[in-house]
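Here's a quick briefing to read alongside the model.

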Amino acid sequence: MDAGVDGTLIRLYSTAGASSSLASDAHRALVFPRVLAAGFIVGAEHGEGALRVGNTSRVYYRTTTASFGLLAGAQSKALILMFMTEDSLRSFQQSKGWTAGVDGSVAVIGVGANGRLNTNTARAPVIAFVLTNAGLMANLSLEGTKISKLGI
């Protein structure tokens with residue numbers, strides 16, 4: 001899993017150059033290298049990742065999401081959450097199961113046509129990047145994404 005985390009961060013930094021600066025400002029980064037999503041009417045997502053302290057994985061987590069609506073198919077993506085404030089990190093670490101949009105607001109970072117990051121979004125306490133095979137994904141909601149600690 002650690003190799004996947006390393007590869008995901010390298011890919012993020014090459015896709016959105018300013019993301020490495022944000023990562024160095026973040027208190028911690030939680031990286032899910034492979035989140036699989038599939039469904040037909042009812043959908044689900046699942047992935048495992050690591051909370052990074054510098055370049056070292058310290059604690060491992062799982063993410064799950066359920067969704068309902070007009071959906072069909074499957075995809076894989078990478079999810080990177082950066083905790084930009086000490087309060088947001090502490091809230092995450094003290095929870096027994098953290099849910100985006102309930103236990104903490106998550107701002108998904110978008111990249112403009114000029115390749116620059118949306119700096120207003122980058123000021124949020126928790127920011128997220130979503131990578132697909134096509135590159136950085138924007139305008140995606142992470143509401144209801146549940147993250148819990150793995151017993152590793």
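On a 1 Å grid over the protein atoms alone, a cavity is a set of points where a 1.4 Å probe fits but cannot get out, whereas a pocket is an open set with protein on both sides within 12 Å along at least five of seven lines; a lining residue has an atom within 4 Å of a point. By that rule, the structure has one cavity of 30 Å³ or more. Keep in mind that this is a predicted model, where local features need pLDDT of at least 70, side-chain atom pairs count only at pLDDT 80 or more, and totals for chains, interfaces and linings use all residues. Numbering runs from 1 along each chain as its sequence is written, and side-chain values use heavy atoms, with hydrogens and water left out.

**The cavity**
- The largest cavity holds about 30 Å³ of space, a volume being the space filled by probe spheres set on grid points that are joined across faces, edges and corners.
- Its lining is made up of Val35, Glu45, Thr63, Thr65, Lys77, Leu79, Leu142 and Thr145.
- β2 gives the most to this lining, with four residues, and β1 and β2 each supply at least two; strands here are DSSP runs of E (at least two residues), helices are runs of H or I (at least four), and both are numbered from the N terminus.
- By class, the lining has three nonpolar, three polar and two charged residues (Ala, Val, Leu, Ile, Met, Phe, Trp, Tyr, Cys and Pro count as nonpolar, Asp, Glu, Lys and Arg as charged, and the others, Gly among them, as polar).

**Salt bridges**
- There are three salt bridges in the structure, each a side-chain nitrogen of Lys or Arg within 4 Å of a carboxyl oxygen of Asp or Glu.
- Lysine 77 and glutamate 45 pair up at 3.0 Å, N to O. Lysine 77 sits in strand β2 (residues 56-83) and glutamate 45 in strand β1, so the bridge ties together parts 32 residues apart in sequence.
- Lysine 77 is buried, at 7% relative accessible area, while glutamate 45 is partly exposed at 23% (buried is under 20%, exposed over 50%, partly exposed in between, with a 1.4 Å probe and protein chains only).
- Arginine 52 meets aspartate 6 at 2.7 Å, N to O. Here strand β1 (residues 28-53) holds arginine 52 and helix α1 (residues 2-15) holds aspartate 6, so this pair links parts 46 residues apart in sequence.
- Arginine 52 is buried at 5%, and aspartate 6 is partly exposed at 35%.
- Aspartate 87 and arginine 90 bridge with their closest N and O atoms 2.5 Å apart. Both belong to helix α3 (residues 86-94), three residues apart, or about one turn of the helix.

- α1 has 14 residues and reaches 20 Å from first C-alpha to last, close to the 20 Å expected at 1.5 Å a residue (1.5 Å times one less than the number of residues).
- Val5, Thr8, Leu9 and Leu12 are the buried residues of α1. They cover an arc of only 100 degrees around the axis, so they lie on the same side of α1; the arc is taken from the directions from the helix axis to the C-beta atoms.
- Ala3, Ile10 and Ser14 are exposed on the other side of α1.
- The second largest pocket has a volume of about 200 Å³, and its lining includes Leu9, Tyr13 and Arg52.
- β1 contributes the largest share of that lining, three residues.
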